[in-house]
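Dear colleague,

Please find below the structure for your records. My notes on the findings follow it.

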Amino acid sequence: MNKKLVGSAVIGAAVLAIVAAQFVGGGEDAPAAAPPSPSPSSPSITEQSMEAYNFPDAAGGRGWAVLVPVPSGWTVTHENDRSSYRKGNLLLETDKVPIAQEDALSGLKAIAAKAHQDGSSVRPVQAGDIADAAEWDYTYLRDGRYPERVAVIGIGAGDSLVTIRYEAPPAEFDANRGVLDTAMKVSAPG
């Protein structure tokens, strides 16, 4: 569908809602209009690809992989096992890091302890069909001035931790949380 047509329809609906509220309310101040629905250009993972982390020596040599849904059309950079997907102020990053702990929760807690992020919390979560997962949430100052809210999902994978990091300014974090929610629908075919 034409983006200009969709945008015009959203704006037209908002204006119509305000005018209708003034007539129904007897001419009093109109209540604030509901925010418009996200435009088709807002970041999402409606078109996605998969980032694969392979573990060839596991399962008696048969191998398996952790597959993470990631956005298509975002700016992508790859460096070793780290893949970064960026659109505007949003960052989705996947990585594989070695851990000494036996489970994702302990591994992510160890990483969080080394980072010394005040007010951070680590808790167990379900990530797709993988139960050995944890989430670490914290806020930090990027460049010492700009607050950034971060959620890191750690997925247990033998002696490694596959991580999914979602970062955004606090005002944009919750509105775009679907980016992380989609990326958490990981699978481990084996």
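Asp 143 is found in the loop between β7 and β8 (146-157), where helices (H or I, at least four residues) and strands (E, at least two) are DSSP runs numbered from the N terminus. Its phi is near 55 degrees, a positive value in a residue other than glycine. Asp 143 is exposed, with a relative accessible area of 60%; here buried means under 20% relative accessible area, exposed over 50% and partly exposed in between, with a 1.4 Å probe and protein chains only.

Please note that this is a predicted model, in which local features need pLDDT of at least 70 and side-chain atom pairs count only at pLDDT 80 or more, while totals for chains, interfaces and linings use all residues. Residues are numbered from 1 along each chain as its sequence is written, and side-chain values use heavy atoms, with hydrogens and water left out.

Asn 80 lies in the loop between β3 (75-79) and β4 (82-87) and is exposed, with a relative accessible area of 78%.

As to the overall fold, the protein has four helices and nine strands, in the sequence order α-β-β-β-β-β-α-β-β-β-β-α-α. Of its 190 residues, 34% count as buried.

Strand β6 (residues 121-127) pairs with β7 in the antiparallel sense over six bridges; two strands pair if DSSP finds at least two bridges between them. Trp 136 in β7 is the bridge partner of Val 122. The hairpin of β6 and β7 has two residues between the strands, and Gly 128 takes a positive phi near 60 degrees in this hairpin.

Trp 136 also belongs to the lining of the largest pocket, together with residues including Arg 82, Glu 93, Asp 95 and Arg 165. A pocket is an open set of points on a 1 Å grid over the protein atoms alone, where a 1.4 Å probe fits, with protein on both sides within 12 Å along at least five of seven lines; lining residues have an atom within 4 Å of a point. The volume of the largest pocket is about 210 Å³, taken as the space filled by probe spheres set on the points, which are joined across faces, edges and corners. β5 gives the most to this lining, with three residues.

With kind regards
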